[in-house]
Amino acid sequence: MTTARVGADPVIHVEGLVKRYHQSPTAAVDGIDLDVYPGELFAFLGPNGAGKTTTISILTTALAKTSGVVRIAGYDLDRQAREIRENIGIIFQDPSLDEHLTAEENVRFHVALYGVYGYRPSYRLMPASYRKRVEELSSILGLGPDMFRLVRGFSGGMKRKLEVLRTLMHPPKVLFLDEPTLGLDAVSRQSLWTHLRRVQREEGTTIFLTTHYIEEAETADRIALVRHGRILFLGSPESMKATMTARYVILDAPDRAALRSELADLHPEVAEDGSLKIPFHEETPQTILSHIRVPLSVLRIHMPTLEEAYVGLVTDGDVEEAAS
Amino acid sequence: MTGSPAKEANVVLAVAARDVLRLFRDWKNTVAFTVFFPVAFLGILAGTIGQNLGAGLGFDYLQFALLGMAACLLMMFTTMSVTLLVEERETGFTQEIFVSPTSRVSIFLGKILGGSVAGLISLPALFLVAFAIGVPITLTLIEVILLIAPVFCLMGGAFGVLLSGIFGTNPKAVDQATILTMFPQMFLSGAVVPIRSSSGALYVLVRVMPLTYLVDLVRGVFYQGTPTYGQIVLYNPLIDLTVALALSVVFLVAGMVLFVRGERNR
């Protein structure tokens, strides 16, 4: 990260977005407000059934909203859905490839649908610029020799890479990724992200991502945490981690009594193994260490992870809801 | 791709080309499918009727059945090809098509065009079976079928769009609806058995079947000016053509509105 231009006009503007499915007593999306800026990697997180896919389906024009205002790339969802479609790329939760076609035929079909190139019945008859772009992207994504094979024989990772390649043929201002690495092994996931970040960096593409893998959101510019169709948290990964109070230093020394005495003003807690646990908020670990003269045998600093912050926020939301 | 009409025409071509490509990729199924229906309905069903009941009709029954089956098969294959769009919803491919910046009309027209090719490649199998069971195949007969084939395909495609619109969220329901609507039509439209003397409820059912007007149209043109015309044909071919085109437009518009509404308003 980051090529984001926060302060510029938002490339995604959502205001009071509500979606209520037919015959459902509750709203799947219940008043979401958010702005995403050009070049941002924006992660949209939440537990199952939180409303992530519903939101992304509305933003990509695949599903009608119940109410609210949505503007993508400056176009209004109600009046200019077609212009929005011209400016976005989508990778759905489930692969949307035609397995009866080769990888290149899938790409050729896509560019014809998007009006980038006229349809020709064979790759050789396509314009040189098309062939060059396919060669470039397939080489970058490691699909080169497989472009003329039937998609039916592709692994999950290859299908995802092909979908990325296909999407980049138009190329989009905003790329929506709905759990793009679901079901992929760690190597395929890492490889796919390497390419996506490169696209974000080099093309300035805005990425709107939903994912279950919290570590994928670590490098996002901002995160929205959604639960029961409402945003619980909106901010940077660092500010999300800062919502957690679980920051502490663990210390121990051969002379524990002396150590405890030196730290008495900081009110240390005694851990199970007898070591001392000193929480810190405003101060830094250095401030704590400056109180110590006795030689240490253990020094560990615990900082909250994004996953802990995520679980904490979701759990707190559940507790608040149960109490009210 | 400068002008919008050129872009939309390109989409129609691409959607159709994809369907045709799939037909050839899946050639074993395509051959089995295109051979099965002519053999089952012209070779076996119409052949049996012709041998046992056809003698006293006063016209060549097998030729009569061949014309009806041509209309029926072309309509049925195009319908089935269009409803594949709903089946592809399960693989997610329909989403890829419907989030692209293109007109829904172009997508459906492309499906109809692709489905028409699927229907047309079934004709050689139909003629082959007809030849095998001794149907007199004349150049005029082939010309008449090919001349009216676009109307069969348009009606079949439009009917497929309507079924997709009504049952668009459920691929299994679309499959069942296609079978449940096409087979009764095959018998009630007069494709295989004469219906000119139908009365009562059957009289009404015959006339509400869209396929009836296609079957009557092709026979009306083929038997025009022959002594058997009055024995076989229900309406003037111009009336059949008008009804077929009007129904096609109604099916297309209603189907597209329902499909898009069902797709977005869940």
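This is a predicted model: local features need pLDDT of at least 70, side-chain atom pairs count only at pLDDT 80 or more; totals for chains, interfaces and linings use all residues.
**Entry 1: overall picture**

I began with chain A as a whole. I counted eleven helices and 14 strands there. Its C-alpha atoms fill a box of roughly 85 × 45 × 35 Å along the principal axes. I then checked burial: of the 324 residues of chain A, 52% count as buried. I also looked at contact range. Among contacts in chain A with a separation of 6 or more, 68% join residues 24 or more positions apart.

**Entry 2: helix H3 of chain A**

Next I took H3(A), residues 103–113. The buried list includes charged side chains: I noted Glu104(A), Glu105(A) and Arg108(A). Phe109(A) and Val111(A) are also on the list.

I asked what covers the buried residues of H3(A). From chain A, the cover includes helix H4 (128–140) and H5. From chain B, it includes helix H1 (4–25) and helix H4 (93–98). Just after H3(A), I found Gly115(A) with a positive phi of about 70 degrees.

**Entry 3: H3 against H5**

I wanted the geometry of this pair. Two packed helices are described by the angle between their axes and the distance between the axes. The axes of H3(A) and H5(A), residues 156–168, come within 9 Å and cross at roughly 30 degrees. Angles under 35 degrees count as roughly parallel, so H3(A) is roughly parallel to H5(A). The crossing of H3(A) and H5(A) is right-handed.

I listed the contact residues. H3(A) supplies Ala103(A), Asn106(A), Val107(A) and His110(A). H5(A) supplies Leu162(A), Leu165(A), Arg166(A) and Thr167(A). By class, the contact of H3(A) with H5(A) has four nonpolar residues, three polar and one charged.

**Entry 4: H5 against H6**

I followed H5(A) to its contact with helix H6 of chain A, residues 186–203. Their axes come within 10 Å and cross at roughly 10 degrees. That angle makes H5(A) roughly parallel to H6(A).

On the H5(A) side I found Gly157(A), Arg160(A), Lys161(A), Val164(A) and Leu168(A). On the H6(A) side are Ser188(A), Ser191(A), Leu192(A), Leu196(A) and Val199(A). The contact of H5(A) with H6(A) divides into five nonpolar, three polar and two charged residues.

**Entry 5: Asp98**

I went back to the loop between strand E6 (88–91) and H3 of chain A, where Asp98(A) sits. Is Asp98(A) buried or exposed? Its relative accessible area is 2%, and under 20% counts as buried, so Asp98(A) is buried.

I looked up its contacts, leaving aside neighbours within four places in sequence. Asp98(A) touches Asn106(A) and Val151(A), and also Arg18(B), Arg22(B) and Phe93(B). Asp98(A) and Val151(A) are 53 residues apart in sequence, yet 7.2 Å apart from C-alpha to C-alpha. I also noted that Asn106(A) belongs to the contact of H3(A) with H5(A).

**Entry 6: nonpolar cores**

Last, I looked at the cores. The largest nonpolar core has 110 residues. Among those with the most contacts inside it are Ile12(A), Phe176(A), Phe208(A), Leu42(B) and Leu214(B). Helix H3 of chain B, residues 61–87, gives the largest share of this core, 18 residues.

Beyond neighbours within four places in sequence, its contacts include Ile12(A), Leu34(A), Phe42(A), Phe44(A), Leu59(A) and Phe176(A). Apart from this core lies another, of 46 residues, with Leu184(A), Ala217(A), Phe233(A) and Tyr310(A) among them.

Key:
Residues are numbered from 1 along each chain as its sequence is written. Chains are lettered from A and ligands numbered from 1 in the order in which they are written. Side-chain values use heavy atoms; hydrogens and water are left out. Axes are lines fitted to C-alpha atoms, for helices over the stretch in contact, and angles run from 0 to 180 degrees between N-to-C directions. Helices (H or I, at least four residues) and strands (E, at least two) are DSSP runs, numbered from the N terminus. Angles under 35 degrees count as roughly parallel, over 145 as roughly antiparallel, 65 to 115 as roughly perpendicular and the rest as oblique. A crossing is left-handed if the near helix is turned anticlockwise from the far one by less than a right angle, and right-handed if clockwise. Contact means heavy atoms within 4.5 Å. A nonpolar core is a set of buried Ala, Val, Leu, Ile, Met, Phe, Trp, Tyr and Cys residues joined through side-chain atoms within 4.5 Å. Buried means under 20% relative accessible area, exposed over 50%, partly exposed in between (1.4 Å probe, protein chains only).
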